[in-house]
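The following exercises, each with a worked solution, concern the structure shown below.

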Amino acid sequence: MAVIQVERKPLTFAERTYIPQIIGGLRTTLKHFFAPNVTLSYPEQRPEIPKGYRGVPTLVKDPHGREKCVSCQLCEFVCPPKAIRITPGEIAETSDNAHVEKGPKAFEIDMLRCIYCGLCQEVCPEEAIWLQNQFSMSGYTRAEMVNDKARLYELGGTLPDDHFKWDKKKTAEGHGNAH
Amino acid sequence: MFDFYFNLPLIVRLIVQAGAVILVLFPIAAACSMAERKISAWIQGRPGPNRTLAPLAGFLAPLGLVGRIPFIGPFLQQMGIFQLAADGGKFTFKEDPVPGHVNKFYFVLAPIIAMIPALTTVVVVPLGAYFAVVDGVSVLKPIVLADVDIGLLAVFAISSLGVYSVILAGWASNSKYAFLGGVRASAQLISYELSMTLSVLPVFLWINAPGGHGTLSLFDAVQLQSGTGFHWDSLWFIFYFPVSAFIFLVALFAETNRAPFDMPESESELVAGFHTEYGAFKWSLFFLAEYSHMIIGSAVAILLFFGGWNPLPWIPLTTLAQWIHVADKPLLMGLVGIAIFMGKVFFSIFFFMWVRWTLPRFRYDQVMHLGWKKLLPLSIANLIFYTLGIALLQK
């Protein structure tokens with residue numbers, strides 16, 4: 001690589017007094033003085049969350065309002081800080097969704113342990129667990145910081161489904177090629 | 001209507017006037033701390049303190065509209081006015097610990113000594129002027145606590161005592177950071193005082209023309225800047241003595257320990273400098289003294305170089321008073337003069353804060369270099385130049 005010699009011009013008299021530079025600086029700060037604020041008034045104004053943000057993990061329902069989680073416990077096993085605790089349960093024979101067979105009886109995520117890595121979302125075969133936009137969790141006790149199943153569904157709500165995996169399977173089954 | 005007041009014994013009148021001036025100066029100095037926070041916030045693109053409610057409003061708000069200030073309340077809240085009350089309450093009522101390792105007597109004395117020169121110098125600073133009828137003749141009189149001929153000398157003499165509070169605080173704290181801050185402060189204040197005093201000498205050489213009576217009064221300095229019409233000989237002194245005004249302003253920044261000369265505090269190097277060991281009310285006294293120094297210092301600079309209470313060059317207060325028909329009403333004319341003067345002082349304080357967020361702090365050796373090798377020779381050259389010039393002009 002060629003060495004480029006940069007010529008350093010000696011400072012002019014005006015520059016050596018610093019006064020033009022100080023006036024330039026004053027002009028810059030005055031511009032900022034009148035410029036609009038760059039901060040948000042936090043609790044009232046919230047920042048816009050970018051797409052793909054990994055916030056608090058939540059459980060979601062499918063567009064039919066059905067529970068997506070089938071209690072396979074993959075997220076529990078993959079979770080590096082062991083923040084997830086699932087108690088699998090059986091779906092009652094009388095239920096419309098009896099063919100799903102399994103669902104979580106209890107689903108707890110300990111937000112004091114969660115590291116927001118998103119592995120649970122990545123590993124979930126049913127796309128039932130999602131890290132959504134909520135970025136702050138607070139509570140007065142340790143118990144409050146453990147999200148139970150009801151709270152997880154409340155935080156998660158319903159997300160649009162891109163695949164309708166089970167609907168497709170059912171249609172395929174109707175045509176005689178189940179798998 | 002005012003006869004009653006003017007018939008009071010002189011001592012009572014002086015006490016009332018002094019009380020009034022201190023009662024105005026004190027809250028203004030306190031308000032400067034809020035102005036500092038707001039201005040720094042705006043320059044940095046933040047809103048600044050804007051949450052604090054009026055005192056008790058937080059408790060009264062659930063009861064309905066009680067405790068809310070109508071119309072301007074939200075605006076005052078946005079401007080952080082109530083934060084001032086909260087700060088004041090905090091400084092007054094929080095525990096005031098005295099560390100065990102300090103020299104208690106001087107430790108307590110230092111903030112008191114800080115306040116005394118800050119509040120004493122205001123005695124000789126005129127704030128405005130009015131027409132008074134003396135022996136049937138209408139003469140312009142200054143609004144000032146003590147209209148003495150040694151005005152400027154008194155300001156310099158008393159304000160330089162302020163350095164003792166810094167030295168005492170630094171030494172009595174018995175802590176290395178406070179001590180270093182005190183040493184730096186004393187060196188800096190003494191260095192720049194020299195240039196400051198030399199820079200105003202040409203102004204008073206000009207004022208004290210041969211044949212006239214000698215004076216150091218700040219009122220007379222303003223009188224000579226009160227020319228009407230477009231004559232060259234009665235402009236504001238900034239136009240005659242630009243170098244003096246520049247040196248005075250730079251030295252003023254150093255004398256008031258303001259950035260870029262905030263050596264004594266330099267929080268990134270010395271924790272907080274000379275007031276490291278202070279807290280609560282004693283600390284707030286240092287704070288108030290610093291802002292009072294700023295106010296008085298800007299007031300003197302305005303009186304000497306920026307026309308005092310005259311609204312514009314060539315348009316003195318007397319002309320303005322005649323235009324708005326208040327020349328024969330001493331009270332109104334006095335208030336107009338004070339308003340113009342205080343407006344200039346507030347702008348000057350804004351300028352102080354503006355500079356603070358523009359320039360980084362000098363290194364200690366740079367401060368000494370600038371003070372002794374640049375400003376002092378410059379002010380001496382300036383003095384010689386104007387001495388010769390004035391000698392030739394007034395021959």
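**Exercise 1.** State in which helix Ala86(B) is found, and decide whether Ala86(B) counts as buried, partly exposed or exposed.

*Solution.* Ala86(B) belongs to helix H5 of chain B, residues 81–93. Helices here are DSSP runs (H or I, at least four residues), and strands are runs of E of at least two residues, numbered from the N terminus. Buried means under 20% relative accessible area, exposed over 50%, and partly exposed in between, with a 1.4 Å probe and protein chains only. The relative accessibility of Ala86(B) is 38%, so this residue counts as partly exposed. Between Ala86(B) and Thr52(B) there are 7.9 Å in space, C-alpha to C-alpha, although they are 34 residues apart in sequence.

The model is predicted: local features need pLDDT of at least 70, side-chain atom pairs count only at pLDDT 80 or more, and totals for chains, interfaces and linings use all residues. Residues are numbered from 1 along each chain as its sequence is written, chains are lettered from A and ligands numbered from 1 in the order in which they are written, and side-chain values use heavy atoms, with hydrogens and water left out.

**Exercise 2.** Classify the aromatic pair of Phe33(A) and Trp42(B), and determine what it joins.

*Solution.* Rings of Phe, Tyr and Trp (its six-membered ring) pair if their centres lie within 6.5 Å; planes under 30 degrees apart count as stacked, over 60 as edge-to-face and the rest as tilted. Over all chains there are 22 aromatic pairs. In the pair of Phe33(A) and Trp42(B), the centres are 5.7 Å apart and the planes stand at 80°, which is edge-to-face. Phe33(A) lies in helix H2 (residues 19–34) of chain A and Trp42(B) in helix H2 (residues 10–43) of chain B, so the pair joins two chains. Phe33(A) counts as buried at 15% relative accessibility, while Trp42(B), at 24%, counts as partly exposed. Both residues are members of one aromatic cluster, which also includes Phe34(A) and Phe253(B).

**Exercise 3.** Describe how helices H9(B) and H12(B) pack.

*Solution.* Helix H9 (residues 176–207) and helix H12 (residues 242–255) of chain B pack at about 155°, with axes 8 Å apart. Axes are lines fitted to C-alpha atoms, for helices over the stretch in contact, and angles run from 0 to 180 degrees between N-to-C directions. Angles under 35 degrees count as roughly parallel, over 145 as roughly antiparallel, 65 to 115 as roughly perpendicular and the rest as oblique. H9(B) is therefore roughly antiparallel to H12(B). Contact means heavy atoms within 4.5 Å; among the residues making it are Leu189(B) and Tyr192(B) of H9(B) and Ile247(B) and Phe248(B) of H12(B).
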